Amino acid sequence: MFAELEQILLVFLAFLLLVILTVLAATIYRRAAALRRYRILDLNRDQYGKRFRELIDEGKSVEEFSAFAFPSRSAEWHAVEHVLFGLLADRRYESAGAALFGKLGYRSHYERKLENRNIIVKSSAVEKLGRMRCEASTGKLAPLLEAKNAEIVPITVRALSKIGTLEALEAVLVRLPDLYSRSFVSRKSIESSLRNFGPAAVSDLVRYGDLYVDPVSRASVLEVLGGLGTPEALSFAFRNLDHEDSEVRAKALKVIGAAGGGLPPGEKERVVALLGDPVWFVRLQAAKALGTLGHDKAEPVLAKRLLDDNWQVRNAAATALVKTSDNAIGIFLDTLGATDRYAKESVCEEIQKTDFVYRLIDNLESPGRETYGKSREILKIMASLGYGTPLREYLESGADDRIRRELTLIVQQGAAS
Amino acid sequence: MRTIAVSLVMGFNYFILFYYGFVNLIYTALLLVSTVVVLRYIRKIRYSPFKDFITSPETPPVSILVPAYNEERVIVRTVRSTLAVNYPFFEVIVINDGSTDATLDTLIRTFHLRKVDRAYRNVLKTTPVRGFYYSPDVPNLLVVDKENSGKADSLNCGINVSRSPYFCTVDADSVLEENALIKLMTPTVESPVPVVACGGVIRALNGIHMEDGAVRSIDLPRSSLAMFQIVEYLRAFLFGRVGLDALNGILILSGAFSLFRKASVVEAGGYRVKNVTEDMELITRLHRHAIERKTPYAIKFISDPVCWTEVPEDLKMLGRQRRRWHLGLMQSIIQNRSALFNPRYGKFGWVVLPYYLFIELLSPVVEVIGYVAVVLSYLFGMLSFEFMYLFLALAVLYGIFLSTASIFLEEITYRRYPRWSHLFRLLFYGVIENFGYRQINSFWRCQAFLKYLVGMRKWEYVEKGKNVPAWNRGS
């Protein structure tokens with residue numbers, strides 16, 4: 001039995017040795033082949049890059065480039081493709097680059113690859129057509145959004161967004177609920193792509209947004225509109241403030257916060273009302289929106305939100321007050337009188353983060369007794385809660401002696417309490 | 001008595017033969033799976049949207065957590081490299097874990113930091129925070145100074161301070177490639193299934209030239225020990241983890257460079273401070289947590305984003321590191337033994353945990369006992385030298401095959417080591433690591449086993465970066 005085992009081992013050893021030698025040889029060969037390939041590619045790229053630019057500058061028509069139509073897979077074909085992508089990135093040669101992709105057969109080559117059964121080949125072709133900005137390929141790419149494959153769908157969405165035409169946008173929007181329901185593409189992927197269409201897409205986004213029944217698609221459209229920050233989306237956003245889905249309400253507030261400059265007070269009231277929403281991220285977006293819009297009547301409601309259960313809402317409310325309210329000192333003082341330590345700390349942190357603390361320090365030489373008194377009281381509470389670093393910094397390097405005397409007392413009192 | 005002993009030794013010899021055959025079969029399967037996966041990935045990367053995500057406002061913000069204990073020599077270089085990553089919204093949080101050297105002072109001096117007051121929400125309980133340091137000049141850098149309590153506690157502290165939905169852990173002696181973070185985030189953003197953790201590749205920083213926080217040129221170190229580790233890392237990251245990832249069966253994502261979904265980690269209770277390899281323990285718990293709650297999840301490993309890290313260049317430190325890793329593996333498996341072969345946990349309980357137990361954890365023990373069995377066989381006069389040499393040759397050749405196959409995989413994919421001399425040195429060390437280096441590794445791992453049995457389960461401090469020249473420190 002041992003003899004047989006030894007025979008088997010010997011055969012296996014010989015086989016293993018052969019495999020190792022093959023792997024070693026393959027590694028070395030691969031290195032040499034890759035170096036040669038890249039050397040040729042670099043050479044061709046330099047040569048064709050210069051030549052193409054010269055010919056375009058000489059005013060040659062696209063037809064006169066037919067000498068550069070090389071067989072696919074050849075080194076020259078790849079080099080010309082690199083050069084054309086380079087032209088596409090250069091505004092001066094952009095249109096010539098796009099036209100040459102069609103003329104030299106790249107578009108038809110990659111369109112043929114769309115029929116390939118191999119997903120990687122197909123995906124690669126989709127991506128190339130998108131990067132080439134082949135408007136004529138939109139009709140061939142759009143049906144791929146219905147593919148039952150998690151790899152091909154996101155790439156197609158992205159390719160269409162790079163083509164950037166309204167036809168391409170429509171192809172995505174018309175299928176959006178279906179794309180989400182089939183879960184072949186993540187929301188982030190779609191939203192990033194939709195944003196690529198830019199402000200020209202707003203009217204279509206609004207039109208389709210109104211048609212969507214499912215809250216996911218509607219929220220997604222609102223998210224994109226929020227990113228684009230355009231006033232044309234405001235009426236759509238306001239129509240969605242009362243939507244039953246909390247995410248839709250939050251995203252609508254984001255659109256209003258991003259786009260709404262001079263809104264009439266009646267509409268701001270609707271935003272203020274959402275500070276009382278039962279869902280925290282709706283309250284958060286309402287506070288953020290009011291930080292941009294500014295509204296006198298929002299102050300007492302924002303003050304209440306300084307004691308919100310959620311810290312993000314507390315922070316947003318504090319920031320909104322610092323940015324928009326003339327009465328922020330009084331509101332902060334009232335809040336710092338509250339019992340909740342977390343709430344007090346949040347307010348102190350916001351006062352520091354927004355540099356409001358320096359306004360308070362300056363107020364220590366204010367002639368107005370009320371401003372002086374309230375500022376002093378806030379600084380004292382801050383020092384007692386361990387938020388006294390800006391005060392100590394002023395004591396070390398501040399210019400005004402009167403303020404420094406005041407701060408010395410405040411820090412001492414804060415430490416004692 | 002002698003008959004029983006002879007039978008035992010004989011039986012054990014057969015066990016080793018079959019065990020060895022089984023382990024190598026698994027490794028070969030992993031290698032085949034990895035080759036297919038890596039080759040597919042390398043073709044897919046051509047149309048990866050990571051460049052679009054670099055400028056997209058939809059890319060989720062990330063907090064990069066850098067726990068640091070006595071890292072004055074390298075901390076500036078690390079912080080500069082993390083600040084230089086291509087990513088739209090990120091903050092770097094350095095957690096100074098009560099360093100006794102000048103780590104904190106170096107950071108304050110270099111980045112002109114000043115003390116600020118911040119509310120600290122102790123959601124994951126940690127030791128007290130002593131202060132926060134910030135500079136308006138570098139608004140996305142925050143340094144947290146806390147009392148010493150170890151890496152896991154520091155990471156929990158970083159999670160408490162972080163304000164982003166994702167966090168990425170980076171060791172204080174590591175350097176990120178500029179697109180590493182975005183490449184790690186891209187599959188996370190694209191995945192329709194929630195990705196709770198995602199890890200990238202670790203490579204040895206030794207020999208690399210840096211400039212302004214970025215890798216300027218790649219070279220190989222002179223130290224043989226570092227060279228062995230480079231080959232070892234290639235093997236571990238290019239075929240071991242890639243193969244396991246195909247099964248969603250990753251248990252080890254290096255703490256030196258991993259991305260986590262914060263909500264999932266907080267829900268699972270954060271890092272456990274008592275484990276010596278907190279990263280592995282957390283990943284295991286994230287698996288269990290998701291399976292128990294029946295929520296769809298993925299834990300991914302991506303073979304492209306690279307983090308360069310210092311590897312020890314002396315045997316003492318390397319030994320400490322390897323003992324700690326193996327001890328951590330043992331702790332994690334023992335803590336999760338209830339999931340082992342438990343139908344409730346599906347392939348996690350039936351494939352993943354058994355793989356780590358029988359192959360990763362027990363193989364060094366079997367190997368060392370095998371050497372003992374050889375001696376006993378000799379003493380009982382039952383040793384066939386011819387057979388022994390053949391078996392030894394097979395073991396060594398198979399090791400060489402795995403190493404050279406990994407280098408081949410590197411060559412056909414990422415080719416990070418550009419020169420011919422690099423390739424030949426890698427191949428050379430891929431061969432000679434099987435004569436001594438592999439055996440000493442098994443010895444350290446066995447030591448960890450014994451240490452666990454006698455209750456010595458403390459973190460062994462590994463000093464790295466001793467060989468970092470001043471011009472490569474980034475300060």
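Guide: A residue is called buried when its relative accessible area is under 20%, exposed when that area is over 50% and partly exposed in between, with a 1.4 Å probe and only the protein chains counted. The model shown is predicted: local features need pLDDT of at least 70, side-chain atom pairs count only at pLDDT 80 or more, and totals for chains, interfaces and linings use all residues. Residues are numbered from 1 along each chain as its sequence is written, chains are lettered from A and ligands numbered from 1 in the order in which they are written, and side-chain values use heavy atoms, with hydrogens and water left out.

Visitor: What makes the contact between A:R305 and A:D308 a salt bridge?

Guide: The term asks for a side-chain nitrogen of Lys or Arg within 4 Å of a carboxyl oxygen of Asp or Glu. The N to O distance between the side chains of A:R305 and A:D308 is 2.7 Å, and this value lies within the limit of 4 Å, so the pair qualifies. Both A:R305 and A:D308 are buried, and over all chains the structure holds 47 salt bridges.

Visitor: Which residue of chain A forms a salt bridge with B:R114, and how far apart are the closest N and O atoms?

Guide: The partner of B:R114 is A:E393, and their closest N and O atoms are 3.3 Å apart. The pair crosses between chains, from strand β3 of chain B, where B:R114 sits, to helix α23 (residues 389-397) of chain A, where A:E393 sits; helices (H or I, at least four residues) and strands (E, at least two) are DSSP runs numbered from the N terminus.

Visitor: Why is B:R114 called partly exposed?

Guide: B:R114 has a relative accessibility of 30%, so it counts as partly exposed.

Visitor: Where do B:E292 and B:R288 lie, and is B:R288 buried or exposed?

Guide: Both residues belong to helix α9 (residues 278-293) of chain B, where they stand four residues apart, about one turn of the helix. An α-helix has 3.6 residues a turn, so residues three or four places apart point the same way. The side chains of B:E292 and B:R288 meet in a salt bridge, at 3.4 Å from N to O. B:R288 is buried because its relative accessible area is 13%, whereas B:E292, at 29% relative accessibility, counts as partly exposed. Elsewhere, B:E177, B:K183, B:D304 and B:R416 are joined into one network by salt bridges that share partners.

Visitor: How do you know whether chain B is as compact as a globular protein of its length?

Guide: Chain B comes to 15 helices and 12 strands. Its radius of gyration is 23 Å, close to the 23 Å that the globule rule gives for 475 residues, so chain B is as compact as a globular protein of that length; the radius is taken over C-alpha atoms, and the rule is 2.2 Å times the number of residues to the power 0.38. Buried residues make up 60% of the 475 residues in chain B, and its C-alpha trace spans about 80 × 50 × 45 Å along the principal axes.

Visitor: Why is α3(B) described as largely enclosed?

Guide: Seven of the nine residues of α3(B) are buried, so the helix is largely enclosed by the rest of the structure. Among these buried residues are B:I75, B:V76 and B:V79.

Visitor: Which residues make the nonpolar surface patch?

Guide: B:V372, B:V375, B:L376, B:Y378, B:L379, B:F385 and B:Y389 make a nonpolar patch of about 710 Å². Patch residues have over 30% relative accessible area and no salt bridge, with like charges joined within 9 Å and nonpolar side chains (Val, Leu, Ile, Met, Phe, Trp, Tyr) within 5 Å; the areas come from the Shrake-Rupley method with a 1.4 Å probe, and for residues only the protein chains shown count as cover. With five residues, α12(B) gives the most to the patch, and B:Y389 has its place in helix α13 of chain B.
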